[in-house]
Amino acid sequence: MTALLTKHALSSVPIRTDSMRANVFRGIDRFGIEEVQRPRAGAGEAVLRVTLTTICGTDLHIVRGEYPVQPGLVIGHEPVGVIAELGEGVTGYRVGDRVLVGAITPCGQCHACLSSHAAQCGHGEGYEAIGGWRMGNTIHGAQAEYVRIPYAQANLAKIPDELSDEQVVLLADIASTGFSGAESGGVKIGDSVVVYAQGPIGLCATIGAKLMGAAMVIGVDGDERRLEMARRMGADHVLDYRSQDVVAEVKRLTGGGSDVAIEALGQQVTFEHALRSLRPGGTLSSLGVYSGKLQMPYDAFAAGLGDHRIVTTLCPGGKERMRRLMEMVRTKRMDLTPLLTHSFRLEDIREAYALFADRRDGVIKVAIRP
Ligand SMILES: [Zn+2]
Ligand SMILES: [Zn+2]
C-alpha cells in the first residue's frame with residue numbers, strides 16, 4: 001500500500017481508465033460506493049461522464065428490497081453528463097457534447113416505440129411492460145462516474161448552452177412523469193385538477209396541470225413544507241389531509257368534483273380519494289407505483305356507471321421528450337431548480353439516501369455530483 005501511494009504521489013496525473021466509483025446495490029439496505037469496471041460503448045451505445053444526477057423514490061424502493069433488481073447493479077436513472085465515448089453507428093454527436101438522458105431509454109424502433117408507447121419498449125420488437133426503463137433497473141445506472149447509454153441515437157438529448165446541469169437534471173424523470181399525469185389526464189383549458197401528494201412527482205404534476213391550462217389546481221399533502229412548495233409551483237389551493245376532509249373540500253372548491261384527479265403516491269387511500277374527488281365523467285390519472293391489491297369501492301365510481309376514465313402512465317423518455325422539456329425551461333415556462341434542495345458528492349451518497357428517505361430538512365430532491 002505504501003509503495004502504491006508513493007508511486008501515485010510521483011506521477012503528476014493519476015491514470016485510472018478502466019475503473020470508476022459507483023453506487024452498487026448489494027441487498028436490502030446494503031449499497032454504497034465501490035470501485036467497479038468502467039463501462040465501454042458498444043455499437044449503437046454511448047458512455048457519459050456523469051456530471052450531475054439525483055436519487056429517485058424508486059431507488060428507495062430498490063434499496064429497501066421493495067422493487068427487485070440484481071445484486072451488483074449500479075443504480076440510478078437520471079443522468080446529465082458529457083459524452084466520453086461513442087459506439088459505432090452513433091451519428092450527429094461528438095465526444096464532449098453535454099447531454100441529458102431520460103430515465104426511460106427506448107429503442108425507438110420496436111412496435112411499442114413506433115406506436116407512441118416508448119416506455120413499454122420491447123427492445124427491437126413487440127411490447128414489454130416497463131421495458132423502456134433499463135438504467136439502474138436491468139442494466140447499470142447513473143449514480144456513478146460513468147454510465148453506458150443503450151440506443152444512444154434515440155436517447156442522447158443535447159443540452160442548449162444557456163442551460164445549466166441543475167436546470168435540466170429533474171427533467172429526466174420527475175418532470176417527465178409529473179407532467180405526463182396532466183397530459184394523460186387530458187387536462188383542458190379551464191379544468192379543475194386535484195393532485196394527491198406533493199412529493200417531487202406530485203409537485204411536477206401540479207406544474208404540469210397549470211401548463212396544460214387548468215383554471216384551478218389543488219395540491220394535497222400532509223407536510224407543510226411540501227404544501228408551501230406546491231403553492232410556489234402554482235397550486236391555487238393547498239389542502240392538508242391531517243386537518244380536513246379533503247374530498248369534501250375539493251367538491252366544495254370545484255362545485256361538485258374536479259375534472260381531473262392525479263394520483264402521485266401509489267397508495268389505496270390516495271387512489272380512493274382521487275376517485276372520490278372526481279365529478280361524474282372525470283378522469284383519474286394515476287402515476288403512483290402500487291403494491292398488493294388496489295380496491296375500488298363501488299360507490300366511489302357510481303358502481304361503474306359514472307363515465308369515469310382511469311389512466312396510468314410511466315415516465316415518457318427518449319431524446320425528443322427531453323428536448324421538449326428543455327425547451328420549456330429555456331423559454332422560462334417553468335423552473336424546477338427550487339426542487340433541488342440539497343447537494344451531495346457521490347462519495348456521500350448514503351447520507352443523501354438517508355436524508356431523502358426520512359424527508360428530513362425539507363428535502364425535495366438531492367443533487368449528486370460525481
Ligand atoms: Zn425515477
Ligand atoms: Zn422500443
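This is a predicted model: local features need pLDDT of at least 70, side-chain atom pairs count only at pLDDT 80 or more; totals for chains, interfaces and linings use all residues.
**Entry 1**

I found His-123 in the loop between α3 and β7, the latter spanning 146–149. I checked its backbone next. Phi of His-123 is near 55 degrees, a positive value in a residue that is not glycine.

I then looked up Ala-119. Ala-119 also sits in the loop between α3 and β7. Its relative accessibility is 8%, so I logged Ala-119 as buried. The cut-off I applied for buried is under 20% relative accessible area.

Which residues does Ala-119 touch, leaving aside those up to four places away in sequence? I listed Ile-104, Ile-130, Gly-131, Gly-132, Trp-133, Leu-314 and Cys-315. I also checked Ala-119 against Pro-150, which is 31 residues away along the chain. Their C-alpha atoms are separated by 14 Å.

**Entry 2: Thr-105**

I moved to Thr-105. Thr-105 lies in the loop between β6 (98–100) and α3 (111–114). Its relative accessibility is 0%, so Thr-105 counts as buried. I noted its contacts, again skipping residues up to four places away in sequence. Thr-105 touches Gly-132, Arg-134, Met-135, Pro-150, Tyr-151 and Asn-155. Gly-132 is on this list, and Gly-132 is also among the residues that Ala-119 touches. Pro-150 touches Thr-105; I had already logged Pro-150 for its 14 Å C-alpha separation from Ala-119.

**Entry 3: Asp-29 and the β1–β2 pair**

I looked for another positive phi. Asp-29 has one, about 55 degrees, although Asp-29 is not a glycine. Where does Asp-29 sit? I placed Asp-29 in the loop between β1 and β2. Asp-29 is partly exposed, with a relative accessible area of 48%.

The side chains of Glu-35 and Arg-21 meet in a salt bridge, at 3.2 Å from N to O. Glu-35 is in strand β2 (residues 30–37) and Arg-21 is in strand β1 (residues 19–27). The two residues are 14 apart, and the pair links distant parts of the chain. Glu-35 counts as partly exposed at 40% relative accessibility. Arg-21 also counts as partly exposed, at 25%.

**Entry 4: two further salt bridges**

I took Glu-224 and Arg-242 next. Their side chains meet in a salt bridge, with 3.3 Å from N to O. Glu-224 lies in helix α8 (residues 224–232), and Arg-242 lies in the loop between β11 (237–240) and α9 (246–254). These parts are 18 residues apart in sequence, so the pair ties them together. Glu-224 has 57% relative accessibility and therefore counts as exposed.

I then looked up Asp-299 and Arg-276. Their side chains form a salt bridge at 2.8 Å, N to O. Which parts of the chain does this pair link? Asp-299 is in the loop between β13 (278–286) and β14 (309–312), while Arg-276 is in helix α10 (residues 268–277). The two are 23 residues apart. Asp-299 is partly exposed, with a relative accessible area of 46%. Arg-276 is partly exposed too, at 24%.

I finished the pairs with a look at shared partners. Arg-21, Glu-35 and Glu-347 are joined into one network by salt bridges that share partners.

**Entry 5: charges overall**

How many salt bridges are there? I noted 23. I also logged the charged side chains: 40 positive and 42 negative. The centres of the two sets lie 2 Å apart.

**Entry 6: the whole protein**

The protein has twelve helices and 16 strands. Its C-alpha atoms fill a box of roughly 75 × 45 × 40 Å along the principal axes. The radius of gyration is 21 Å. A compact globule of 370 residues would have a value near 21 Å, so the two agree.

I noted that buried residues make up 52% of the 370 residues. The accessible surface comes to about 16800 Å², and 51% of this belongs to carbon and sulfur atoms. Last, I checked the contacts between residues at least 6 apart in sequence. Of these, 68% join residues at least 24 apart.

Notes: Residues are numbered from 1 along each chain as its sequence is written. Chains are lettered from A and ligands numbered from 1 in the order in which they are written. Side-chain values use heavy atoms; hydrogens and water are left out. Helices (H or I, at least four residues) and strands (E, at least two) are DSSP runs, numbered from the N terminus. The radius of gyration is taken over C-alpha atoms; the globule rule is 2.2 Å times the number of residues to the power 0.38. Buried means under 20% relative accessible area, exposed over 50%, partly exposed in between (1.4 Å probe, protein chains only). Contact means heavy atoms within 4.5 Å. Accessible areas come from the Shrake-Rupley method with a 1.4 Å probe; for residues, only the protein chains shown count as cover. Lys and Arg count as positive and Asp and Glu as negative; His and the chain ends are not counted. The place of a charge is taken as NZ of Lys, CZ of Arg, CG of Asp or CD of Glu. A salt bridge is a side-chain nitrogen of Lys or Arg within 4 Å of a carboxyl oxygen of Asp or Glu.
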